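Here is a report on one protein chain. It goes through the loops, sheets, helix pairs and domains in turn.

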Amino acid sequence: MDSQHPRHRVVIIGSGFGGLFAAKRLKRADVDVTLISRVSHHTFQPLLYQVATGILSQGEIAPATREILKRQKNAEVLLGEVSDIDLAARTVTSAVGPHSTVTEYDSLILAAGAETGYFGNDAFEPFAPGLKSIDDALELRARIYGAFEMAELEPDPASVEAWMTFVVVGAGPTGVELAGQIIELSRRTIKNDFRRIDPRRARVILIEGGDHVLASFGPKQSLKAQEQLARMGIDVRLQGMVDAVNETGVEVRYRDGRVEHIASRCVIWAAGVQASGLGAQVAEQSGAEVDRSGRVKVLPDLTLPGHPEVFVLGDMIALDDLPGVAQVAMQGAKFSAKKIRARLEDREEETTFHYFDKGSMATISRFRAVANVGRLELRGFIAWCAWLFIHILYLVGFQEKVSTLGHWAVAFIGRSRAERTFTLEQARGSLTNEREPRVPGTG
Ligand SMILES: Cc1cc2nc3c(=O)[nH]c(=O)nc-3n(C[C@H](O)[C@H](O)[C@H](O)COP(=O)(O)OP(=O)(O)OC[C@H]3O[C@@H](n4cnc5c(N)ncnc54)[C@H](O)[C@@H]3O)c2cc1C
């Protein structure tokens, strides 16, 4: 705080789970909050796969940050990609178009999340996009529904097969959810929509480098999930590493030495994440370490060494093996907001962030999910009901909750999907083999 700014200035980077919840937690604090994000919305990432597969619209899972915070008088929202954080000068530089902004802070909350990670194989990206943002979800929707359109036009049977082969790389929750939804849309939603192809003949291949699908859920849940995926017609390939991806498909190297080329025109990467590069930037300035995924090794109170005024949250941190899940970001947001308030009110601060694991869940198909809550392992319909309840509970905005429930009824009880609209532009040239590189910093 300086003499010209009597109120303590908190700058928050990111409008995801960490950033948005930190801003809300500071509502009653005697501070000025500036939230800077490169997107105008708060993305509820756990439901991105439903935008990608035509069940939900982007508005339902990504309400405008400005609208969420409109009644919070101590908060302002700035659109901009943060490129520089200067820990010594306590400034953040962000830019959008011709507008470059330097914002000063007294406290900084860095919650810029993570990107899709290709383990050093960034050349895979144009052929195998990931699912981290609304742009990604709309691109995948265009690629998935577009693949059936291209198959309908294709005279050559081998090419038809390549268009109707969907490869999902990585069998964590995102990969499993995407694979499940692609097979359901081919078998239920669009099965009668084409004249030359039979969408029910689409193949969905789920490739996993490890020994299990949904490995983080434990061996019993993994096995049951794998059986369920097989029953749905998903071809699960374990112990397979994707060595190459190009416009013809993927090359998979299995642990037993076999190498296989799978012809596919729609490959989706759900195999890894890489923390925002802003983490490495602040780590270098403060002497903190970063791990292989670019996550910052923060102190037990989520701050940087020598910089108690800088908090790092959520997917950007490496601390006690905490997973990259929404609750880590939200609880970190609560913790850092509480610390800032305690400092300003000269109260004793908590010194250690303790994460409370509320459990994890993943859907496999309509009416089927797995959920681990404490030592309880739920499966099938009951787990799916728990999934539905939790997701509606945490979705931001009443209007969004009501319309999501409506779209779920259409898709899960009925057979159609309300959000199948896509454009060739969203497919980034993948349908016409004129692939365009991703503009850095979008999404
Ligand atoms: C497809 C998918 C499904 C998931 N499913 C689940 C689930 O079921 N349950 C669960 O608990 N977790 C799930 N997660 C993980 C969960 O969404 C993340 O752990 C959580 O979003 C992390 O919150 P965060 O605030 O750290 O980052 P994010 O929520 O990713 O927010 C980062 C924010 O920073 C902004 N940003 C990034 N870089 C910059 C920059 N340079 N300048 C300005 N702004 C920037 C971004 O636009 C974004 O607003 C899922 C994630 C994905 C991708």
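## Residues with positive phi

Aspartate 321 sits in the loop between β18 (307-312) and α10. Helices (H or I, at least four residues) and strands (E, at least two) are DSSP runs, numbered from the N terminus. Phi of aspartate 321 is near 55 degrees, a positive value in a residue other than glycine. Is aspartate 321 buried or exposed? Aspartate 321 is exposed, with 5 other C-beta atoms within 10 Å. The cut-offs are these: a residue is buried if 20 or more other C-beta atoms lie within 10 Å of its own, exposed if 12 or fewer, and partly exposed in between, with C-beta atoms placed from the backbone.

Arginine 90 also has a positive phi, near 55 degrees. The loop between β4 and β5 holds arginine 90. Arginine 90 has 19 C-beta neighbours inside 10 Å, so it counts as partly exposed.

## About the model

The model is predicted: local features need pLDDT of at least 70, side-chain atom pairs count only at pLDDT 80 or more, and totals for chains, interfaces and linings use all residues. Residue numbers start from 1 along each chain as its sequence is written.

## Domains

The protein chain is divided into two parts by an automatic or database domain assignment. Domain 1 covers 8-38 + 80-116 + 274-344. Domain 2 covers 122-271 + 359-413. The centres of domain 1 and domain 2, taken over C-alpha atoms, are separated by 32 Å.

## The sheet β4-β5-β6

Three strands form this open sheet, in the order β4-β5-β6. Their pairing is antiparallel. Two strands count as paired if DSSP finds at least two bridges between them. The edge strands are β4 (81-86) and β6 (99-104), and each pairs on one side only. From one strand to the next, the twist averages 20 degrees.

How many bridges pair β4 with β5? Five bridges pair β4 with strand β5 (residues 91-96), in the antiparallel sense. Aspartate 86 stands opposite threonine 91 in β5. In a regular strand, side chains alternate between the two faces of the sheet.

## The sheet β12-β13-β14

A three-stranded open sheet has the order β12-β13-β14, with antiparallel pairing. Its edge strands are β12 (240-246) and β14 (259-263), each pairing on one side only. Neighbouring strands of this sheet are turned by 25 degrees against each other on average, direction ignored.

Six bridges pair β12 with strand β13 (residues 249-254), in the antiparallel sense. Valine 245 has valine 250 in β13 as its bridge partner.

Strand β19 (residues 360-365) has five of its six residues buried, so it is largely enclosed by the rest of the structure. Five bridges join β19 to strand β20 (residues 368-373), and the two run antiparallel. Serine 360 has asparagine 372 in β20 as its bridge partner. The hairpin has two residues between the strands, and phenylalanine 367 takes a positive phi near 70 degrees there.

Glycine 374 lies in the loop between β20 and β21 (376-379). Glycine 374 has 8 C-beta neighbours inside 10 Å, so it counts as exposed. Which distance separates glycine 374 from glycine 359 in space? C-alpha to C-alpha, glycine 374 and glycine 359 are 6.2 Å apart, though 15 residues apart in sequence.

## Helix pairs

The axes of helix α7 (residues 173-189) and helix α8 (residues 219-232) come within 10 Å and cross at roughly 25 degrees. Axes are lines fitted to C-alpha atoms, for helices over the stretch in contact, and angles run from 0 to 180 degrees between N-to-C directions. That crossing makes α7 roughly parallel to α8. Angles under 35 degrees count as roughly parallel, over 145 as roughly antiparallel, 65 to 115 as roughly perpendicular and the rest as oblique. The contact is made by Val176, Ala179, Gly180 and Ile183 of α7 and Ala225, Leu229 and Met232 of α8. Residues are in contact if their C-beta atoms, placed from the backbone, lie within 7 Å.

Helix α1 (residues 17-25) and helix α10 (residues 326-344) have axes that come within 8 Å and cross at roughly 30 degrees. Therefore α1 and α10 are roughly parallel to each other. Residues of α1 that meet α10 include Phe17, Gly18 and Phe21. Among their counterparts in α10 are Ala326, Ala329 and Met330.

Notes: Contact = placed C-beta atoms within 7 Å.
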